[in-house]
Amino acid sequence: MGELKVKEKEIVVPGEILAVGMDFLPAGGTFREDDNIIASQIGVVNLNGRLIKIIPLSGKYIPRRDDVVIGKVVDLWLNGWKVDIGWAYDANLSLKDASEDFIEKKSDLTQYFSYGDIVLTRISEVNGSKIIDVAMKGPGLRKLIGGRIITIVPSKVPRVIGKQGSMINLIKELTDCKIFVGQNGRVWVNGLDPKKELIAVEAIRKIDEESSSEGLTDSIKLFIEGRLK
Amino acid sequence: MKLTKRSDGRKFDQMREIEAKVGVVKRADGSAMFKIGNSIAYAAVYGPRELHPGHLQDPTRGKLRCNYNMMAFSGSGERVRPGPNRRSKEIGLVTEKALTPVLDLSHYKNMAVDVFIELVQTDSGTRCAGICAAAMALADAGIPMRDMVSAIAVGKVGDKVLVDLTKEEEDVEEAVDMAVAFTTRGGEVTLLQMDGIIEKSDVKESLKAARKACEQISKIQMEALKKKYKK
């Protein structure tokens, strides 16, 4: 019979044995070696029926198809743009994916995107570590003007968004800020009131730090309300 | 020579005092400090990031690069020529080889994970301290690992097998110094270097002692890692 060696929400380190026996199945952040299921990353244990998963507490974003990310235009080529998405190699944004309009060849590309522009974009293709394509065609994808970007651990993005966007909507409502969260751990915040914008930033950082605690939405609500007074 | 007592009063199989801390370099992707006696190692991990020069890139897996450096003021105080020397290049290489077997860099094709190990204060057993710190820093950086690594120097001074030699003990005539690294769960040897002449039976005894010491070290490493993230 299988035996579970860890509890839900316990912090584990690489090489730690999570479960013995074939009754459990390894999911993200774990692997099987002989009979044992072993952690391969530092993170929090998440049990879902027979599945054992690790929610990482650190680590870089790994690009996946259809992820919406926040990128920065870093280079301009003849056939499109290079976008930094927080991965070791820059993603390509080609002319045909850049806009709903037809972009004529040899036209001035800086009128669409220029160096340093921040874009909300979707990963359309991942083909090896060096070939990553992004596209700007789709609802909500656009250039982000103004505001500020903060970086959080990518695995904590779901916590910042919350269930059906509960957490992010709460912060938006209380602080009157526009917020976009990229799956690559970049969060764009823009508020009319700079003080409220700062509070939103603090709240997001707080979620990043306390991601594994329970009742986070309530404590963040209290935190923002306290700061707004 | 008959050895009856160690100069600092430790037992023959006792290590110097160990202190470990994770997350000491805020800007790095992962970092750790490992202090054993008077040797202090800091390790910082950057990456996975772009690998240059391009001919080193491997399209099937990522590459680990280790840089070992003793700071100019760390040792006896003699002037040190800056930059890598023969010794530090070698130690960088063996550190790489000690850590690569436990890393899973298959997600990071064409990329490099850089580990910088700086020795702030050196006494002895610096490469082992460096490996211990680097293993913690890699785990802190969230690099997938199959196992952890811990390392210790053992050796033979006079007629006794000692664990964790000090510089004084290392410098005794005909002393044997052996640096060993073990993986925590698997117990595999990933580093084995030796200097001196030693009997086969003593090698076996030394390895046994090293394995025991590494078990203790791995517990300290694990605690330090968990401490950073526990709120």
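Predicted model: local features only at pLDDT ≥ 70, side-chain atom pairs only at ≥ 80, totals over all residues.
Chain A contains five helices and 17 strands. Its C-alpha atoms occupy a box of roughly 65 × 50 × 25 Å along the principal axes. Of the 229 residues in chain A, 45% are classed as buried. The accessible surface of chain A amounts to about 11,700 Å², and carbon and sulfur atoms account for 51% of that area. When contacts in chain A between residues at least 6 apart in sequence are considered, 54% link residues at least 24 apart. Chain A carries 33 positive and 32 negative side chains, and the centres of these two sets are 3 Å apart.

One buried position in chain A was examined through its contacts. A:Ile204 belongs to helix 4, which spans residues 194–209. The relative accessible area of A:Ile204 is 0%, so this residue counts as buried. Apart from neighbours within four places in sequence, A:Ile204 makes contact with A:Ile150, A:Ile152, A:Val160, A:Ile171, A:Ile179, A:Val187 and A:Val189. A:Asp84 lies 120 residues from A:Ile204 along the chain, and the C-alpha atoms of the two are separated by 22 Å.

Two residues of chain A have backbone angles of note. Most residues other than glycine have a negative phi, and most peptide bonds are trans. A:Asp34, which is not a glycine, has a positive phi of about 55°. This residue sits in the loop between strand 5 (30–33) and strand 6 (36–39) of chain A. A:Asp34 counts as exposed because its relative accessibility is 67%, above the cut-off of 50%. A:Gln164 is likewise not a glycine and has a positive phi, of about 50°. The loop between helix 2 (157–161) and helix 3 (166–175) of chain A holds A:Gln164. With a relative accessibility of 80%, A:Gln164 also counts as exposed.

Chain B contains four helices and nine strands. Read from the N terminus, the order of these elements is β-β-β-β-α-β-α-β-β-α-β-β-α. The C-alpha atoms of chain B fill a box of roughly 55 × 40 × 35 Å along the principal axes. Of the 231 residues in chain B, 51% are buried. Contacts between residues 24 or more positions apart make up 68% of those in chain B with a separation of 6 or more. Chain B exposes about 11,600 Å², 51% of which comes from carbon and sulfur atoms. The 38 positive and 32 negative charges of chain B have mean positions 5 Å apart.

Two cis peptide bonds in chain B are described here. B:Gly47 and B:Pro48 are joined by a cis peptide bond with omega of about 10°, and B:Pro48 lies in strand 3 (residues 39–50). A cis peptide bond with omega of about 0° joins B:His52 and B:Pro53. B:Pro53 is located in the loop between strand 3 and strand 4 (63–70).

Over all chains, the structure holds zero disulfides. For B:Cys66, the nearest cysteine sulfur is that of B:Cys132, at 13 Å. B:Cys66 counts as buried because its relative accessibility is 12%, under the cut-off of 20%. B:Cys128 is in no disulfide either, and its nearest cysteine sulfur, that of B:Cys132, is 6.9 Å away. B:Cys128 is buried, with a relative accessible area of 3%.

Definitions and conventions: Residues numbered from 1 in each chain as written. Chains lettered and ligands numbered in written order. Heavy atoms only, no water. Disulfide = S-S within 2.5 Å. Buried < 20%, exposed > 50% of the residue type's maximum accessible area, 1.4 Å probe, protein only. Contact = heavy atoms within 4.5 Å. Areas by Shrake-Rupley, 256 points an atom, 1.4 Å probe, with all protein chains shown as cover. Lys, Arg positive; Asp, Glu negative; His and termini not counted. Charge placed at Lys NZ, Arg CZ, Asp CG, Glu CD.
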